[in-house]
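Welcome! Please take a moment to look over the sequence and the model below before reading on.

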Amino acid sequence: MALILIVEDEVELVKVLRSYLEQAGFTVITAYRGDAGLAAWESRRPDLVILDLNLPGMDGLEVARQIRRKSNTPIIMLTARVEEADQLIGLELGADDYITKPFSPRVVVARARALLRRVEAATEPPHLLRVADLEIDLDGHTVHRNGEPVELTPTEFNLLATLAAQPGSAFTRLQLLEASQGTAYEGYERTIDAHIKNLRAKLESDPRNPQYIETVFGVGYRFARS
Ligand code: CA
């Protein structure tokens with residue numbers, strides 16, 4: 001579970017925040033001065049910092065600056081007034097979120113969760129599907145064959161991604177229509193044949209003798225099991 005550092009000189013507030021964050025499953029460490037907060041960040045390298053702006057020892061701005069010099073640890077700034085938050089945003093010191101006092105501890109927990117999710121999502125490797133000699137990037141909507149880009153229309157891409165996600169499984173035209181366009185009307189299933197034909201023309205070395213997308217007679221299509 002994520003480690004959260006709270007740097008805040010209001011002892012009662014730290015108590016409440018700690019208890020809410022711990023109930024939410026986080027591990028919490030605390031500091032009551034800016035300089036002590038920076039030292040705690042250095043030694044423990046938390047996943048997230050909740051940082052008060054007005055602190056003894058070193059103010060929150062300076063703590064944030066020092067942290068930013070060395071890392072992208074997400075920071076939530078606590079400010080006493082809305083105007084302070086506005087000024088801070090203008091400074092672009094690198095805090096990821098601002099919460100104005102007084103606040104509900106639940107809001108802090110929700111924002112911490114959201115911020116950690118965002119950071120996690122940003123560092124996750126791209127969602128790639130590798131089948132045969134194809135590389136299908138499901139986030140970037142790109143396809144490479146033997147490292148060479150293949151240009152597909154959105155419908156063709158969705159068709160390929162659907163089929164390639166389950167090699168060997170046959171899909172009906174209606175299923176493919178729905179997967180590729182989000183809707184399916186009976187009677188339009190044959191439009192899939194046209195898309196498959198185009199897809200094969202772009203992907204296959206010999207579209208008449210396809211090695212990726214096979215016809216399943218009486219059913220529809222499937223991606224070849226390699
Ligand atoms: Ca304070």
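The report below walks through some features of this model.

## Before you start

This is a predicted model, in which local features need pLDDT of at least 70 and side-chain atom pairs count only at pLDDT 80 or more, while totals for chains, interfaces and linings use all residues. Residues are numbered from 1 along each chain as its sequence is written, and side-chain values use heavy atoms, with hydrogens and water left out.

## The calcium site

Let's begin with the metal. The calcium ion is coordinated by Asp9 (OD), Asp52 (OD) and Asn54 (O), at 2.1 to 2.3 Å. Donors here are N, O and S atoms within 2.8 Å of the metal (3.2 Å for Na, K and Ca), and water is not among the atoms, so sites may look incomplete. Along the chain, the donors follow the spacing D-x42-D-x1-N. Asp9 sits in the loop between strand 1 (3–7) and helix 1 (11–23), and Asn54 in the loop between strand 3 (48–52) and helix 3 (60–70), so the pair ties together parts that are 45 residues apart in sequence. Helices (H or I, at least four residues) and strands (E, at least two) are DSSP runs, numbered from the N terminus.

Asp9 is partly exposed, with a relative accessible area of 33%, and Asn54 is partly exposed at 42%. Buried means under 20% relative accessible area, exposed over 50%, and partly exposed in between (1.4 Å probe, protein chains only).

How many residues of strand 4 (residues 75–79) are buried? Five of the five are, so strand 4 is largely enclosed by the rest of the structure. In a regular strand, side chains alternate between the two faces of the sheet. Here both faces are covered, with Ile75, Met77 and Thr79 buried on one side and Ile76 and Leu78 buried on the other.

Strand 4 runs parallel to strand 3, joined by four bridges; two strands pair if DSSP finds at least two bridges between them. The calcium donor Asp52 stands opposite Leu78 in strand 4. Strand 3, helix 3 and strand 4 make a right-handed β-α-β unit (with the strands pointing away from the viewer, the path from the first strand over the helix to the second runs clockwise). Strand 4 also pairs in the parallel sense with strand 5 (residues 97–100), over four bridges, and there Met77 has Tyr98 as its bridge partner.

## Loops and turns to look for

The peptide bond from Lys101 to Pro102 is cis, with omega near -5°.

Arg45, in the loop between helix 2 (34–44) and strand 3, has a positive phi near 45° although it is a residue other than glycine. Arg45 is partly exposed, at 40% relative accessible area. His141 is not a glycine either, yet has a positive phi of about 55°. The loop between strand 7 (134–137) and strand 8 (142–145) holds His141, which is partly exposed at 45%.

Further along, strand 11 (residues 213–216) and strand 12 (residues 220–223) run antiparallel and are joined by four bridges. Val216 is partnered by Gly220 in strand 12. This hairpin has three residues between the strands, and Gly218 takes a positive phi near 80°.
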